[in-house]
Amino acid sequence: MTEKNTAFLDLVPGYQPREIVASLERGFACLGLGGTLRPGDRVLLKPNLVVPRSPEKAVTTHPEIVRGVAKLLKDCGARLFIGDSPGFGTLERCLEKGGLKPVLREMDITPVSFDRARTIHDPDNLVGKRLELAEAAFEYDQVVNLAKLKTHGMMGSTLAVKNLFGFVVGFNKAAWHFRAGHDRRLFARIMLDIYRQVQPAWNLVDGIVAMEGEGPTHGQARKCNLLALGRKAPALDYLVEEWAGFKQMTPLSTESRNLGLLDPETARALGPAVAQPLKPPLKPARAAQAATFPGHRIWHRLLVRRPRVSSSRCHRCGVCIQHCPAKAMQLLREKVVIDYRKCISCYCCQELCPYGAVQVKHAFNLF
Ligand code: SF4
Ligand code: SF4
């Protein structure tokens, strides 16, 4: 067993500050994370702030997680910063709606906008030989990755590795989605390129209240009581997916294994949650289920799940049209219409629609 293959999985009854700090202290002790920080270090916290949503919706990292982590790091003498590049809306709006503003004030955490990008040329990257990532990823002594446990239509799950996609600035996210198209393996490799560049000091998955079903933004909140920590994000993600009852390895975990970033044979979870895996398992997103159907490539046209816009729910705000990487959406006669010849089934429209007007359905509603 090596540190890259270990994670600490704890059971925490709810978002009570004292319980969270106690759990973090157990995790730190178990994984030996305490020694990674020197007094005065500048630490960037990277929560999941994909869209402006209130904490009880389980879309974003809970503010009490940020408070607990901040307390622990401040006790070690760290100076704290927080940032993300939301898929929709501003950082300011996400911090406000996500209940983080009071925590930032109390714990003296400075918000950092991800609007400046640094271009990285790395021939060892798998896909992104030239990557543009937020400058903030490289300006601090440490990045601490605070992810949320959620299902995901395209990738099966969104956990610690996927959370780092927030370091891609603004509309560049759409460009990577477009480049990957339907290819989930390629998209996983892009995520792993980003992970290799950012190299968080350690990673957390907030699954005290997780999201199942139509994640990452329109699923159901489910109390799972899980708080998980790991030094290496690929192992942490894999062990959390296993705990949550995923039937198959997600594309990200599969690629992590293929690239030697994860060894499922020796990966080992420690902590009280290990003896109590989630029952029933986390309900997957329908689109992710369809993608694992045998022969799904052959029957792609039949089996692929397509986004549909509900006219009665749609407010014609244009967010989906603006963010569609394939430019497959347009407003025609007061209705949002989708050109399915262009659509790459990335489900960004479903993820970012503020009104839940985009549903992902089977092309012929067979399933
Ligand atoms: S589907 Fe959603 S995001 Fe698109 S225009 Fe309608 S309300 Fe806005
Ligand atoms: S229509 Fe939706 S699912 Fe299709 S490419 Fe555009 S954003 Fe992605």
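H8 passes H9 in a left-handed crossing, meaning that the near helix is turned anticlockwise from the far one by less than a right angle; clockwise would be right-handed. The helices here are DSSP runs of H or I with at least four residues, numbered from the N terminus. Before I go on: this is a predicted model, where local features need pLDDT of at least 70 and side-chain atom pairs count only at pLDDT 80 or more, while totals for chains, interfaces and linings use all residues. Residues are numbered from 1 along each chain as its sequence is written, and chains are lettered from A and ligands numbered from 1 in the order in which they are written.

Back to our pair. The axes of H8 and H9 come within 10 Å and cross at roughly 135°; axes are lines fitted to C-alpha atoms, for helices over the stretch in contact, and angles run from 0 to 180 degrees between N-to-C directions. That makes H8 oblique to H9, since under 35 degrees counts as roughly parallel, over 145 as roughly antiparallel, 65 to 115 as roughly perpendicular and the rest as oblique. Who touches whom? On the H8 side we have Pro234, Asp237, Tyr238 and Glu241, and on the H9 side Leu252, Ser253 and Ser256, with contact meaning C-beta atoms, placed from the backbone, within 7 Å.

How many of the 11 residues of H8 are buried? It is 10 of them, so H8, residues 233-243, is largely enclosed by the rest of the structure. Buried means 20 or more other C-beta atoms within 10 Å of the residue's own, exposed means 12 or fewer, and partly exposed is in between, with C-beta atoms placed from the backbone. Among the buried ones are Asp237, Glu241 and Trp243. After H8 comes glycine 245, with a positive phi near 80°.

Now the other partner of H9. H7 (residues 184-198) packs against H9 (residues 251-258) at about 65°, axes 9 Å apart, and the two are therefore roughly perpendicular. This crossing is right-handed. From H7 come residues including Arg184, Arg185 and Arg189, and from H9 Pro251, Leu252, Glu255 and Ser256.

Finally, the ligands. Ligand 1 has 13 residues around it, and Cys314, Cys317, Val319, Cys320 and Cys353 come nearest; "around" means a C-beta atom, placed from the backbone, within 6 Å. Ligand 2 is surrounded by 14 residues, with Cys324, Ala326, Cys343, Cys346 and Cys349 closest.

Conventions:
Contact = placed C-beta atoms within 7 Å.
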